[in-house]
Amino acid sequence: MHMLRMLPKAYSARKERQVGAHSTMQKKDIIFDMDLRAKLTPAFEECFGTIPHLIVRAPGRVNLIGEHTDYNDGLVLPMAIDRAVWIALRRRRDRQVIVHSLDLDASAAFSLDQLQSKGKGWIEYLRGIAWALQKAGYA
């Protein structure tokens, strides 16, 4: 799998607040988010020589209370934040995962047949996700 990840680290636009508890998303925030998506395809093509099959976005969140209690039957109060992770990906014919981070300007790779931890670094998070997916029968 080829994968390109993008974290909008420069995104610090503040949201205007309505009267009351609800917030509004400004048009410039929506445009900024879509601009990130639009940058992924050409960046993926430049990095891997082909276009991605899929582009996905995972919204950010924080837990106001209950950190690490949700999987122990505890109560949590998550809240969405104005951050997200964008990932462009394409399936490969072999069992290699090749990743490039636009924010870190770094590449890494691993085999789906050798998912044991190699130590520290951002790639270990992705290796851990691949391990969990395999254990659950998805790969």
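This is a predicted model: local features need pLDDT of at least 70, side-chain atom pairs count only at pLDDT 80 or more; totals for chains, interfaces and linings use all residues.
Residues are numbered from 1 along each chain as its sequence is written, and side-chain values use heavy atoms, with hydrogens and water left out.

**The whole chain**

Start with a cartoon view. The secondary structure comes to two helices and five strands, and from the N terminus on the elements run β-α-β-β-β-β-α. Helices (H or I, at least four residues) and strands (E, at least two) are DSSP runs, numbered from the N terminus. Of the 139 residues, 27% count as buried; buried means under 20% relative accessible area, exposed over 50%, and partly exposed in between (1.4 Å probe, protein chains only). Among contacts between residues at least 6 apart in sequence, 54% join residues at least 24 apart, where contact means heavy atoms within 4.5 Å.

**Helix H1: an aromatic pair**

Select Phe-44 and Phe-48. Both lie in helix H1 (residues 27-48), four residues apart, about one turn of the helix. The structure holds one aromatic pair. The ring centres of Phe-44 and Phe-48 are 4.8 Å apart and their planes stand at 55 degrees, so the pair is tilted. Rings of Phe, Tyr and Trp (its six-membered ring) pair if their centres lie within 6.5 Å; planes under 30 degrees apart count as stacked, over 60 as edge-to-face and the rest as tilted. Phe-44 has a relative accessible area of 0% and is buried. Phe-48 also counts as buried, at 18% relative accessibility.

**Strand E2: Asn-63**

Next, select Asn-63, which is in strand E2 (residues 54-63). At 19% relative accessibility, Asn-63 counts as buried. Leaving aside residues up to four places away in sequence, Asn-63 touches Leu-77 and Pro-78.

Now select Val-97, in strand E4 (residues 96-101). Val-97 is buried, with a relative accessible area of 6%. Which residue in E5 is the bridge partner of Val-97? The partner is Phe-110.

E4 and strand E5 (residues 106-111) pair in the antiparallel sense over six bridges; two strands pair if DSSP finds at least two bridges between them. E4 and E5 form a hairpin with four residues between them, and Asp-105 in the turn has a positive phi of about 50 degrees.

**Helix H2: two sides**

Finish with helix H2. The 13 residues of H2 (residues 123-135) should span 18 Å at 1.5 Å a residue, and the end C-alpha atoms are 18 Å apart, which agrees. The expected span is 1.5 Å times one less than the number of residues.

Colour the buried residues of H2: Ile-123, Glu-124, Leu-126, Arg-127 and Ala-130. They cover an arc of only 160 degrees around the axis, which puts them on the same side of H2. The arc is that of the directions from the helix axis to the C-beta atoms. On the other side of H2, Tyr-125 and Lys-135 are exposed. Just after H2, select Gly-137, which takes a positive phi of about 90 degrees.
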